[in-house]
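Work through the exercises below with the sequence and the structure at hand. Try each task before reading its solution.

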Amino acid sequence: MLVCICKGITDKDIKNAVHEGATGFRDIHAALGVGGCCGQCASYAKDLVNDTVSQLQLSNNFHLAQEVSC
Ligand code: FES
């Protein structure tokens with residue numbers, strides 16, 4: 001799904017940036033240019049980054065817990 005029309009950035013681009021180390025909106029803004037033109041996408045992009053970071057942390061914690069219990 002297209003998130004930033006001005007820059008042609010999709011939700012997949014943003015999720016990939018988080019998996020590559022982005023931890024907040026500033027990171028994806030710097031890496032992809034999201035929100036750097038009209039700014040209409042910024043609120044949704046922030047929510048998407050935060051949700052993706054949370055999901056990644058939960059996944060990492062789950063894998064750590066599995067390693068400890070085995
Ligand atoms: S839609 Fe993202 S800056 Fe305009």
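**Exercise 1. Find which residues the UniProt domain annotation covers, and describe the chain over that stretch.**

Solution. The model examined here is a predicted one. An unreviewed UniProt entry carries the annotation "domain: BFD-like [2Fe-2S]-binding", and according to that record it covers residues 2–49.

**Exercise 2. Check whether the span of helix H3 agrees with its number of residues, then find what its buried residues pack against.**

Solution. Begin with the length: helix H3 takes in residues 42–69, and because each residue counts for 1.5 Å, these 28 residues should span 40 Å. The end C-alpha atoms of H3 are 40 Å apart, which agrees with that expectation. Next, list the buried residues of the helix, which are Ala42, Ala45, Leu48, Val49, Thr52 and Val53. In general, an α-helix has 3.6 residues a turn, so residues three or four places apart point the same way. The buried residues of H3 pack against strand E1 (2–4), helix H1 (11–19) and helix H2 (25–32).

**Exercise 3. Decide whether Thr52 is buried or exposed, and name its contacts.**

Solution. Thr52 is found in helix H3. Its relative accessibility is 4%, and since buried means under 20%, Thr52 counts as buried. When neighbours within four places in sequence are left aside, Thr52 is in contact with Lys15, Val18 and His19.

**Exercise 4. Describe the largest nonpolar core and the place of Ile14 and Val49 in it.**

Solution. The largest nonpolar core has 14 residues, of which Val3, Ile14, Ile28, Val34, Ala45 and Val49 touch the most other members. E1, H1 and H3 each supply at least two residues of this core, and the largest share, 4 residues, comes from H3.

Turn now to Ile14, which lies in helix H1 and is buried, with a relative accessible area of 0%. Not counting residues up to four places away in sequence, Ile14 touches Val3, Ile9, Ile28, Leu32, Val34, Ala45, Leu48 and Val49. One of these, Leu48, is 34 residues from Ile14 in sequence, yet the two are 7.7 Å apart in space, C-alpha to C-alpha. With the same exclusion, Val49 touches Ile14, Val18, Thr23, Gly24, Phe25 and Ile28.

**Exercise 5. Find how many aromatic pairs the structure holds, and which charged end sits over the ring of Phe25.**

Solution. The structure holds 0 aromatic pairs. The ring of Phe25 has the charged end of Lys46 over it, 5.3 Å from the ring centre.

Conventions: Residues numbered from 1 in each chain as written. Predicted model: local features only at pLDDT ≥ 70, side-chain atom pairs only at ≥ 80, totals over all residues. Heavy atoms only, no water. Phe/Tyr/Trp six-rings, centres within 6.5 Å; stacked < 30°, edge-to-face > 60°. Lys NZ or Arg CZ within 6 Å of the ring centre and 35° of its normal. UniProt positions renumbered as here; feature names shortened; annotations may be inferred. Expected span 1.5 Å × (residues − 1). Buried < 20%, exposed > 50% of the residue type's maximum accessible area, 1.4 Å probe, protein only. Contact = heavy atoms within 4.5 Å. Core = buried A, V, L, I, M, F, W, Y, C linked by side-chain atoms within 4.5 Å.
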